[in-house]
Amino acid sequence: MTRRTHTARTTGSSRVAAAGAACVAAVSVLTAVPAQAQAPDSRAFLSRTPHWEAKGTDSPQVRFRGLAAVGRSTAWVAGTQGTVLRTTDGGASWRNVSPPGAAELQFRDIEAFDARRAVVLAIGEGEASRVYRTEDGGATWTESFRNTDAKAFYDCLTFFDRRHGLAMSDPVDGKFRILSTGDGGRTWKVLPNAGMPAAQEGEAGFAASGQCLVSSGPRDVWLATGGAARARVLHSADRGLTWTASDTPIPAGDPARGVFALAFRDRVHGLAVGGDFNADQPSPRAAARTGDGGRSWRPAAEPPPAYRSGVAWLPHSRTAALAVGPTGTDLTTDGGRSWRTVDTGSYDTVDCAPDLGCWAAGEKGRVARLEN
């Protein structure tokens, strides 16, 4: 299998696609929010066109593809050079909480439960794929998984709740590999692959935004693919034991094309974005939507104008979502049927918290929070 990076696929994998360049996610957050804080008015928020407000990280050398939005005040980002940053004051300041000895690693996904607890994934072939976890805001980290199979390359992780989570690897011996935890990321085990469909020739995930593996609810999880003849979405309703595969209308047929990111607002309504991550290539069908849990996908009537690597639903909205990529941010207010560009800045990943704290991150240390 050809390993792609964004640039083709850093460290040797196309999907790193996002690896080098530019898959809730980059990071979904599993924060428990008091009931009275769970219903900000998303319609009022969208009454004016929202915009990104830059939150300087003083890390221009780092590309952040991992992002966890805990709230409007707290967020985590993870990226190149083994970098993990955390803010608890809305981005006014950032604390470097990178795991020691990780400078050679590429962090592509981070899942945060709150301001203190987070799990971060490093991608790459063989032992470059690792998982670290912290319970004290990044003051200390524990390496809880290191891949020892030279054929495996882990791309993304997701959590159903504070204990149960999965990570996915590109196909090993013809099937995607799934790693499972039941104790918050302290320990991991490889799940049996009997219930996993065979991979296509050249098929893999894209480690572009931490959104190539996403979950919704206690058991449902979806996996996005590309690089093969057809761009597919695989779905499991039993936490990764058995899977079904569905084709999408997003362009495929090339190692640089496919579904890069998914977002589900519940177990049936989902969005997929992607395209061709090469800057000189068009992506005419860069978005699709599903209303049946991913069994079937319909192309957007008015898709984003170019490749997009990240997508997130706005909380408390049935129809509004954001998609980001190196050439801009697009907004849908009709459930993914049509998209319009609202910003032309470069971002790789996007994530939203229940209090309408939406964040984006990308190249040159760029991090921003959505304002209106």
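**Entry 1: a pair to begin with**

Over how many bridges do strand β19 and strand β20 pair? I looked it up: β19 (residues 270-276) and β20 (residues 287-290) pair in the antiparallel sense over 4 bridges. Within this pair, I found Gly270 opposite Thr290 in β20.

A note to myself on where this comes from: I am reading a predicted model, in which local features need pLDDT of at least 70 and side-chain atom pairs count only at pLDDT 80 or more, while totals for chains, interfaces and linings use all residues. Residues are numbered from 1 along each chain as its sequence is written, and side-chain values use heavy atoms, with hydrogens and water left out.

Two terms I need: strands are DSSP runs (E, at least two residues), numbered from the N terminus. Two of them pair if DSSP finds at least two bridges between them.

**Entry 2: the sheet around β19 and β20**

I traced the strand order as β18-β19-β20-β21, an open sheet of 4 strands with antiparallel pairing. At its edges I noted β18 (257-264) and β21 (298-299), each of which pairs on one side only.

**Entry 3: another open sheet**

Here I read the order β1-β28-β27-β26, again 4 strands with antiparallel pairing. β1 (51-54) and β26 (349-352) are the edge strands, each pairing on one side only. On average, neighbouring strands of this sheet are turned by 30° against each other, direction ignored; the axes are lines fitted to C-alpha atoms, and angles run from 0 to 180 degrees between N-to-C directions.

I then picked out β27 (residues 358-361) and β28 (residues 367-371), an antiparallel pair with 3 bridges. Trp359 faces Arg369 in β28 there.

Why is strand β7 largely enclosed by the rest of the structure? Because 7 of the 8 residues of β7 (residues 118-125) are buried, meaning under 20% relative accessible area with a 1.4 Å probe, protein chains only.

I went through its partners one by one.

- β6 (residues 106-112) pairs with β7 in the antiparallel sense over 6 bridges. Ile110 stands opposite Val120 in β7, and 5 residues lie between the two strands of this hairpin.
- β8 (residues 130-134) runs antiparallel to β7 and is joined to it by 5 bridges. Ala122 has Arg130 in β8 as its bridge partner. The hairpin of β7 and β8 has 4 residues between the strands, and Gly126 takes a positive phi near 60° in it.
- β10 (residues 153-159) pairs with β7 over 2 bridges, also antiparallel. Glu125 has Phe153 in β10 as its bridge partner.

Key: Buried < 20%, exposed > 50% of the residue type's maximum accessible area, 1.4 Å probe, protein only.
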